[in-house]
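Please examine the structure shown below.

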Amino acid sequence: IMRSAGCVINDMADRNFDPLVERTKGRPLASRRMSLRAALLVLAALLSLALGLAFMLNRAAFLLCFVGAFLAAVYPFTKRYIQIPQAVMGIAFGWGSVIAWAAVKGHVEIQAFLIFIATALWATAYDTLYALQDIEDDRKIGVKSSAIFFGRYVLPVVSLLYIGMMILLLGVGMLSNLGAAYYG
């Protein structure tokens, strides 16, 4: 639900950029098939559902939800200011792993943060590859992306992000005394 809410926030934030990008010009707000008011209503409904679900969590997980909501709300605007907005998206997506850990355990352990960082690296890597599709449009309209920032080094950097993710997940397995099925 929060990922959907984040997509709505993203489309609201980018409603004036998206018509200029080939891949996104058909989105409901960009194409003006949906009004900003309707998008706000969809967002309010999604956030209400998410809050209702959050109330069912223990105190630790519930409080962590507000950090996740903040990250989801901030990410769409980072494309204007941060050279690697995909990392902020990765952090926003990855925060759910910390919430889930707290929901199950009632507290957060080091493994949760390793999973969080691994997830952030993974999402940054795949969204950097995804950003390659928009690189020319992004340059024209002046938004920032890791694909632009890393330039000719984008593929080695993405490889390092994936390697970092794997190392962190191996560390989680060792710290948690997980068996062969996990490593497989």
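Which residues make the nonpolar surface patch of about 470 Å²? In this predicted model, the patch is made by Leu170, Met174, Leu178, Tyr182 and Tyr183. Two helices, H8 (154–175) and H9 (180–183), each supply at least two of the patch residues. Tyrosine 183 has its place in helix H9; because its relative accessible area is 37%, tyrosine 183 counts as partly exposed.

In soluble globular proteins, nonpolar side chains tend to be buried together. Here the largest nonpolar core comprises 12 residues: Ala54, Ala61, Phe62, Leu64, Cys65, Leu71, Ala92, Trp95, Val98, Ile99, Ala102 and Phe116. Helix H3 (59–78) and helix H4 (85–105) are the elements that give two or more residues to this core. Apart from it lies another core, of eight residues, including Val8, Leu29, Leu43 and Leu46. Phenylalanine 116, one of the residues of the largest core, touches Ile91, Gly94, Trp95, Ser97 and Val98 when residues up to four places away in sequence are not counted.

The cysteines remain to be considered. A search of the whole structure finds zero disulfides. Cysteine 7 is in no disulfide, and the nearest cysteine sulfur, that of cysteine 65, is 18 Å away. Cysteine 65 belongs to the largest nonpolar core, whereas cysteine 7 counts as partly exposed, at 42% relative accessibility.

Definitions and conventions: Residues numbered from 1 in each chain as written. Predicted model: local features only at pLDDT ≥ 70, side-chain atom pairs only at ≥ 80, totals over all residues. Heavy atoms only, no water. Core = buried A, V, L, I, M, F, W, Y, C linked by side-chain atoms within 4.5 Å. Buried < 20%, exposed > 50% of the residue type's maximum accessible area, 1.4 Å probe, protein only. Helix = DSSP H or I, 4+ residues; strand = E, 2+ residues; numbered from the N terminus. Contact = heavy atoms within 4.5 Å. Disulfide = S-S within 2.5 Å. Patch = residues over 30% accessible without salt bridge, like charges linked within 9 Å, V, L, I, M, F, W, Y side chains within 5 Å. Areas by Shrake-Rupley, 256 points an atom, 1.4 Å probe, with all protein chains shown as cover. Salt bridge = Lys/Arg side-chain N within 4 Å of Asp/Glu carboxyl O.
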